[in-house]
Amino acid sequence: MISDFRAFAAQWDQLFNEGDVTKLQNLYDTKATVVPAGGVPAKGPADIGKFFVDVRSKGLTRHEIAVHSLVERGDAAIAIGTWSLSGVDGSGGEQKFGGNWVNVLGRDGNTWKILLHTWN
């Protein structure tokens, strides 16, 4: 149900925005990969956590996901939507980024874990 994935995305945003990278990385499967647009993939929760610590260290501290569609097949799901990321750079200037977003998720018991996270 798409509302479950919207709630999951809202939880992701909240953890990122609060800087709680430990809890954020726990949303990822042990074999998960983050593939940033034009960047080097991060593999596994620890590397994914380091990746997002680096993003936040650049002053990018406000993230928002909008889930627009969902394909669910048994224990797998593909959530598709848009994202925005903003903050203040080192000289006090505003930074804004955004684009399309995709998560591939797998069921882990009664919860979902991100297997693949990518955006452009």
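Analyst: Some terms to begin with: two strands pair if DSSP finds at least two bridges between them. Helices (H or I, at least four residues) and strands (E, at least two) are DSSP runs, numbered from the N terminus. The model is predicted: local features need pLDDT of at least 70, side-chain atom pairs count only at pLDDT 80 or more, and totals for chains, interfaces and linings use all residues. Residues are numbered from 1 along each chain as its sequence is written, and side-chain values use heavy atoms, with hydrogens and water left out.

User: What is the bridge partner of Val 34 in S2?

Analyst: Ala 42. S1 and S2 (residues 42–43) are antiparallel, with 2 bridges.

User: How many residues sit between S1 and S2 in the hairpin?

Analyst: 6, and Gly 38 in that turn has a positive phi of about 70 degrees.

User: And in which sense do S1 and S6 pair?

Analyst: Parallel, over 4 bridges, between residues 28–35 of S1 and 111–119 of S6. Val 35 has Thr 118 as its bridge partner in S6.

User: Pockets now. Which residues lie nearest the centre of the largest pocket?

Analyst: Phe 51, Val 55, Leu 60, Leu 85 and Trp 119, out of 16 lining residues. On a 1 Å grid over the protein atoms alone, a cavity is a set of points where a 1.4 Å probe fits but cannot get out; a pocket is an open set with protein on both sides within 12 Å along at least five of seven lines, and lining residues have an atom within 4 Å of a point.

User: Which element gives the most to the lining?

Analyst: H3, with 4 residues.
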